[in-house]
Amino acid sequence: MSSGRQRLPLNQEAQLIEERTPKAAARGSQDLAAGDGRITTDEDGSPTGHLLDGLNPQQREAVLHRGSPLLIVAGAGSGKTRVLTHRIAHLLASGDAHPGQILAITFTNKAAAEMRERVAALVGPRAGRMWVSTFHSACVRILRYEASTIGIRSGFSIYDATDSRRLMTLVCRELDLDPKRHPPRAMAAKVSNLKNELIDPDTFATTAARSGTEAEGLLAQVYADYQARLAAAQAFDFDDLIMTTVNVLQVFPQVAAKYRQRFRRILVDEYQDTNHAQYVLIRELVGGPAAEPADGRADAAAEPELPMAELTVVGDADQSIYAFRGATIRNIVQFEADYPHAHTVALEQNYRSTQRILTAANAIISHNPDRVPKNLWTGSGDGAKIVGYTADSEHDEASFVVNEIADLHARHDVRHGDVAVFYRTNAQSRAIEDVLVRAGVAYRVVGGTRFYERREIKDALAYLRVLDNPDDTVSLRRILNMPKRGIGDRAEACVAALAQRDGISFAAALERAGDAPGIGARAVNAIGAFTALLAELRSLLADGVGLGQLIVAILDCSGYAAMLRDSRDPQDETRLENLEELIAVAGEFETQTPDGTLSDFLTDVSLVADADDLPDEAVAAGQAELERTEDGVVTLMTLHTAKGLEFDVVFMTGMEEGVFPHQRSLGSQKDLAEERRLAYVGVTRARQRLYLSRAVTRSVFGSQCRPRSSTGAGWWTPGWPIRTTGGHRPPRRWPAGPGCARPATGR
DNA sequence: GTCCGGGATTTTTTT
DNA sequence: AATCCCGGAC
């Protein structure tokens with residue numbers, strides 16, 4: 001028996017439009033209705049209600065509310081993204097807004113694509129002119145449009161986390177920091193936090209100098225140096241994209257005015273995961289809240305202010321799981337204070353999970369202090385009991401999961417595609433993958449080492465980036481000795497010193513490597529060959545050779561392809577295949593975007609996180625293609641990636657102190673609360689069945705590790721019914737038993 | 001002695 | 001992926 005209301009298939013969701021306000025009927029209705037002909041009939045051809053059908057009163061209120069800023073606080077599975085989608089569709093269908101006026105922010109690019117698709121299914125192709133994207137994509141678009149105004153290169157490079165860590169490593173080394181006391185990783189995190197708080201290097205340096213400690217002074221130096229190098233490389237890191245856009249809006253009134261006039265409806269999903277910079281960005285874009293005339297100085301006569309854009313935000317404070325990168329629930333908790341005339345709608349009814357699952361979720365999250373109590377409820381039944389399993393080892397745990405999947409498949413017709421396995425860290429997927437492979441179950445790992453994060457792909461892209469943007473020092477240094485061409489650390493340092501001494505770019509210093517003090521003759525020769533290679537590739541690019549061909553040339557001329565072919569490492573064969581995929585992706589980009597530049601391609605690639613679009617994944621474990629398409633594949637992912645998704649069956653694995661919650665979070669209540677929210681997110685992904693498992697011993701990098709469970713009952717006290725029999729072996733004591741006797745040995 | 005390359009070791013979560 | 005350590009080439 002399927003519980004609750006399943007999400008309607010698109011063709012049924014495409015009801016609507018019938019009920020249009022007179023405004024739209026006047027002009028746009030014809031277009032809208034004509035949209036794609038997909039309007040208001042269900043299977044047997046009879047008209048079916050309108051856009052609000054199937055929504056409960058709170059959801060309707062949220063869809064229909066107009067005028068003041070709207071906050072939708074919603075529990076998990078309450079249909080918040082659906083409400084947002086219908087709200088957009090209703091804005092369009094009613095003629096209250098045209099697509100060009102809409103800016104919708106989602107958390108991932110994938111979510112953006114889905115939302116765009118759903119809205120298009122509801123109102124037809126006119127929806128195409130909306131902006132639906134992540135914060136980062138929206139900022140890139142703005143920065144590229146305004147590049148000439150701001151005075152930046154429109155083809156700037158975008159540095160992901162690993163790129164910026166590399167850059168930070170360079171900075172720390174140059175400043176002679178002890179990597180033990182000031183690891184680049186930590187410095188990068190601190191700088192990132194400053195940017196998320198919109199504190200620019202100068203301001204920070206001033207405050208650090210005035211009242212700061214030595215450590216702060218150091219950080220100020222690192223921050224300034226890091227930013228200077230980013231600027232020299234014509235590059236933005238992820239934090240810069242937001243921070244710079246905010247700066248631009250604040251510094252160039254005409255730019256701000258342009259976007260305020262353009263975006264009259266702004267909607268933000270997952271508002272609980274926004275940071276301060278994103279909060280300010282939204283505030284700048286909506287142009288509000290209109291400040292009360294301070295100290296009686298009524299400037300009202302000055303010029304007619306554009307009224308604030310209509311702002312809608314949706315979020316659930318209990319699902320805030322990105323505090324580690326600066327997200328703050330302040331934004332959602334203080335919304336009504338930020339926007340004085342705000343209206344709030346609460347959605348507590350859950351349409352996703354069984355009551356037992358919701359009870360578990362409530363039990364977990366209720367342990368968090370300082371939260372607004374919320375009680376998820378559902379009209380559907382109790383459902384199956386939650387199953388807990390304590391395994392001997394991670395292998396045993398994996399076997400349990402896989403056996404259970406097979407059993408569900410055989411006895412309950414559960415499709416593999418409806419099953420997900422969650423874990424806290426990416427490394428944990430290995431053990432489960434092993435057993436899945438042996439059992440011949442097809443699966444895919446979402447996230448982990450994603451396609452564009454693979455070494456060979458990043459290398460190839462680094463070549464492209466250097467060709468596109470010679471100032472991109474990080475990419476240049478990445479490929480300098482890749483494949484090995486006899487330019488070692490020593491030679492690289494000499495060139496860097498030359499660049500530093502003469503105040504020229506690294507690329508320019510390479511051209512006259514012979515002048516570098518202390519450099520060896522061999523290295524100079526090798527560098528000469530390398531610069532010749534780049535020149536050759538650049539001339540190809542200038543000749544207008546295709547993107548795919550350019551990549552082929554890069555791989556051939558650099559010897560990269562040869563290196564992989566000659567290698568005896570079996571992994572390198574896969575690398576070659578991945579590179580073929582990249583060439584295919586580039587070809588696809590060219591056909592889809594005929595006038596796209598190399599910069600456009602690189603921008604696309606830097607920002608995609610669209611796991612489903614990517615060619616790799618799906619490690620098909622000897623499964624017939626046909627069966628896979630009918631049955632789907634089991635999905636493996638971290639709890640963080642699971643946000644916003646749902647599955648019939650969910651396995652949460654590795655629920656041991658030290659693994660989940662993670663070792664690093666055990667020290668503080670604040671971090672522990674975030675782990676609990678993460679558990680809450682995981683549990684509420686399940687529609688029908690939920691499994692929780694842990695292992696008494698788990699090997700980490702070869703050596704055995706016994707997780708500790710100090711309280712005996714674990715880090716939370718589960719307050720839900722646990723099935724006591726079932727599974728393939730009798731489950732061990734869970735969760736009451738101490739499970740793991742000895743404290744962690746560390747490694 | 002200098003420098004490069006390969007191996008071992010160790011990884012929270014991610015736009 | 002980034003670092004450190006050691007063997008081999010010059």
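**Close-up views of a predicted model**

View 1. Val650 lies opposite Leu690, a residue of E14. Strand E13 covers residues 647-652 and strand E14 covers residues 686-695. Five bridges link E13 and E14, and their pairing is parallel.

**View 2. The open sheet of six strands.** The order of the strands across this sheet is E9-E14-E13-E10-E12-E11, with parallel pairing. Strand E9 (387-391) and strand E11 (443-445) are the edge strands, and each of them pairs on one side only. From one strand to the next, the twist averages 20°. Strands of a sheet are held in pairs through backbone hydrogen bonds, in either a parallel or an antiparallel manner.

**View 3. Strand E10 and the burial of its residues.** Strand E10 comprises residues 419-423; five of the five are buried, so the strand is largely enclosed by the rest of the structure. Side chains in a regular strand alternate between the two faces of the sheet. In E10 both faces are covered. Val419, Val421 and Tyr423 are buried on one side, and Ala420 and Phe422 are buried on the other.

**View 4. The partners of strand E10.** E10 and E13 pair in the parallel sense through four bridges. Here Phe422 has Met652 of E13 as its bridge partner. Strand E12 (residues 634-638) also runs parallel to E10, and four bridges join E12 to E10. Thr635 in E12 is the bridge partner of Ala420.

**View 5. The largest nonpolar core.** This core contains 50 residues. The members that touch the most other members are Leu461, Leu464, Phe530, Leu582 and Phe601. Helix H21 (residues 455-468) contributes eight residues, the largest share of this core.

**View 6. The surroundings of Leu464.** Leaving aside residues up to four places away in sequence, Leu464 touches Leu550, Ile551, Ile554, Leu598, Phe601 and Leu602. Both Leu464 and Phe601 are among the residues of the largest nonpolar core that touch the most other members.

**View 7. Confidence along chain A.** Chain A has a mean pLDDT of 79, and 82% of its residues reach 70 or more. Over residues 1-49 the pLDDT stays under 50, and the model has 90 contacts beyond four places in sequence for this stretch. Residues 610-627 likewise have a pLDDT below 50. In the model, residues 610-627 have 28 contacts beyond near neighbours in sequence.

Terms used. Residues numbered from 1 in each chain as written. Chains lettered and ligands numbered in written order. Predicted model: local features only at pLDDT ≥ 70, side-chain atom pairs only at ≥ 80, totals over all residues. Heavy atoms only, no water. Core = buried A, V, L, I, M, F, W, Y, C linked by side-chain atoms within 4.5 Å. Buried < 20%, exposed > 50% of the residue type's maximum accessible area, 1.4 Å probe, protein only. Helix = DSSP H or I, 4+ residues; strand = E, 2+ residues; numbered from the N terminus. Contact = heavy atoms within 4.5 Å. pLDDT = per-residue confidence, 0-100. Pairing = 2+ DSSP bridges. Axes fitted to C-alpha atoms, helices over the stretch in contact; angles between N-to-C directions.
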